[in-house]
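My entries follow in the order in which I looked things up.

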2 protein chains.
Amino acid sequence: MVDDMVKQIEAGSARPRLKKAERRRQILLELKLRPHVRISDLAERFNVSTETVRRDFDALSTDGLIDRAHGGASAATQGHYPGLDERANDRVRERERIGRMAASLVREGETVMIDSGSTTIQAARSLAYLGTRCTVITNSIPVAMTLGHGAPQVILCPGEYLSAESAVVGTDTVEFLSRFNVDRCMIGASGLAAEGPSETVRGFAAVKRIMLRHAGKRHLLIDARKFGRKGLARIGDMTDFDSIVVDTRPQGELLEALAEAGVHISVAEQG
Amino acid sequence: MVDDMVKQIEAGSARPRLKKAERRRQILLELKLRPHVRISDLAERFNVSTETVRRDFDALSTDGLIDRAHGGASAATQGHYPGLDERANDRVRERERIGRMAASLVREGETVMIDSGSTTIQAARSLAYLGTRCTVITNSIPVAMTLGHGAPQVILCPGEYLSAESAVVGTDTVEFLSRFNVDRCMIGASGLAAEGPSETVRGFAAVKRIMLRHAGKRHLLIDARKFGRKGLARIGDMTDFDSIVVDTRPQGELLEALAEAGVHISVAEQG
DNA sequence: ACCAAACTGCGGCATAAGCAACAAAAATCA
DNA sequence: TGATTTTTGTTGCTTATGCCGCAGTTTGGT
């Protein structure tokens with residue numbers, strides 16, 4: 001496998017056809033670097049017909065890895081691979097609403113820590129949309145890229161780069177974050193049960209905990225589909241949060257736990 | 001919004017209509033929320049013809065605010081490198097060759113620092129193709145994303161995020177890099193004169209210098225077009241480098257300076 | 001009120017992309 | 001080796017988009 005790839009590289013100008021998986025990997029890679037690629041360009045590059053590229057696009061699109069457009073495709077939420085249980089194209093509307101409400105909480109001149117995750121990326125987009133002048137510290141590359149061109153100043157954390165989440169983790173990340181104290185933090189999670197939010201990736205839980213410890217106001221951004229789920233690692237208690245931004249009001253046991261912990265519940269309505 | 005004001009001033013006698021300016025502002029805002037918008041959608045939303053939207057796109061495109069695509073446009077603010085874009089279509093072949101040769105220098109298990117820049121991105125791509133298992137430390141987001149999928153482990157530097165180059169700079173970056181000692185570093189530059197390579201962005205020069213100080217083998221990756229150019233800040237002397245990877249053999253004064261400093265010259269031939 | 005400049009819309013034509021069905025080539029497996 | 005499945009290419013057609021020029025309209029100024 002690896003030998004084949006090396007051969008292809010060595011071949012240089014006379015390029016043999018790439019295998020399907022490799023070609024699609026390349027497409028995703030290209031989309032990480034450029035927001036939009038054209039079918040014709042890729043067809044020429046890979047020496048395949050446009051139809052083949054179109055089929056690749058279809059396949060990647062149904063997997064939720066890219067967003068199709070006329071004549072090309074753009075990366076779905078900038079380099080975030082959906083996990084086993086989460087499809088990027090799913091719940092976009094809900095996440096947009098949550099992100100918009102979360103972004104509206106940030107005021108001029110504040111410092112904010114923003115976690116990695118698809119929901120927090122939406123918050124970053126809305127923050128860029130609003131043009132709030134603030135300072136953002138994040139371990140998420142998409143968040144940094146989204147905010148980088150606008151009014152906010154962006155400080156990126158060090159750490160080991162995880163391509164699956166387009167974010168950095170590790171002891172360097174945690175140590176770096178612990179140097180700062182900020183006004184707010186925006187935290188995402190893969191599950192929210194009565195005993196608290198949880199995360200499937202253990203390394204991320206540590207990052208979220210450090211952010212919580214160094215922020216004044218602590219917001220949890222989560223959509224209703226994750227209610228009741230329990231991830232591998234628990235991030236903390238309900239009492240670790242000041243407010244939770246959701247698309248649907250929690251109920252039953254979850255609502256009780258939130259009320260008991262005194263967490264303010266913000267429901268992002270449609271519109 | 002600021003751009004609109006600038007445009008008005010630049011236009012002088014001719015003041016743009018409020019309608020047009022507002023529409024274009026909306027387009028830019030929309031692109032902050034979604035990576036790609038379609039002409040037909042915008043035309044319908046604004047109740048104007050597609051031609052009008054097309055003209056808006058043209059105007060915004062020539063201002064470098066968006067990236068055009070067939071049927072729509074994507075934000076130049078999302079992972080595209082405005083600074084690199086001018087040269088992106090130029091000298092690609094040369095840079096690919098340089099990158100390939102530079103990547104072939106890296107051996108299994110080594111640790112490598114990779115600078116930001118269009119040429120070093122190419123080196124990262126080739127390194128990803130080769131599948132060399134190594135550890136890479138970089139301040140460039142595209143380099144991290146390119147290598148993140150493959151065999152290499154990637155450590156990203158902290159720092160202030162600069163969208164123009166998709167890289168981080170600043171004291172945090174420098175301090176972080178100084179903790180490491182690596183086998184090699186790959187450095188790019190915006191100019192190479194007899195007295196040494198130089199960089200147009202002052203912040204980057206400091207990062208490059210730190211990388212050079214903490215690496216065993218030090219490689220300069222640069223294409224022939226930059227020969228003789230002098231940037232704002234000098235990165236260092238010729239003697240700071242062990243080898244230079246180029247697409248065309250330097251000549252005259254430059255060659256003498258390289259020979260005198262004992263720099264090994266690797267010419268990436270066409271393949 | 002008139003003019004000039006700019007903005008917008010419409011039509012025609014060229015090009016690119018989407019789609020579907022079938023054929024060809026390649027990979028897989030018994 | 002031969003058959004089956006997968007992948008890719010080709011053809012023909014439809015639709016969408018891009019581009020150019022012209023004309024109608026609006027806007028701002030004299």
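**Crossovers in chain A**

I found that E4(A), helix H6 (residues 118–130) of chain A and E5(A) make a right-handed β-α-β unit. I call a crossover right-handed if, with the strands pointing away from the viewer, the path from the first strand over the helix to the second runs clockwise. Helices (H or I, at least four residues) and strands (E, at least two) are DSSP runs, numbered from the N terminus. I note that this is a predicted model, where local features need pLDDT of at least 70 and side-chain atom pairs count only at pLDDT 80 or more, while totals for chains, interfaces and linings use all residues. Residues are numbered from 1 along each chain as its sequence is written, chains are lettered from A and ligands numbered from 1 in the order in which they are written.

I then checked the pairing, which requires that DSSP finds at least two bridges between two strands. Strand E4 (residues 111–114) of chain A runs parallel to strand E5 (residues 135–138) of chain A, with four bridges between them. Met113(A) sits opposite Ile137(A) of E5(A).

E5(A) also has four bridges to strand E6 (residues 153–156) of chain A, again in parallel. Here Thr135(A) has Gln153(A) as its bridge partner in E6(A). With helix H7 (residues 141–148) of chain A between them in the list, E5(A) and E6(A) form a right-handed β-α-β unit.

**Antiparallel strands in chain A**

I looked up strand E10 (residues 191–193) of chain A, which is antiparallel to strand E11 (residues 196–199) of chain A and joined to it by three bridges. A hairpin of two residues links E10(A) to E11(A). Gly191(A) faces Ser198(A) in E11(A). E11(A) also pairs antiparallel with strand E13 (residues 233–234) of chain A through two bridges, where Glu199(A) is opposite Ala233(A).

**DNA strand C**

Which residues come nearest to DNA strand C? Of the 18 residues around DNA strand C (C-beta atom, placed from the backbone, within 6 Å), I list Ser40(A), Gly71(A), Val48(B), Ser49(B) and Thr52(B) as nearest. H4(B) gives the most to this surface, with three residues. By class, I noted four nonpolar, six polar and eight charged residues there. Ala, Val, Leu, Ile, Met, Phe, Trp, Tyr, Cys and Pro count as nonpolar, Asp, Glu, Lys and Arg as charged, and the others, Gly among them, as polar.
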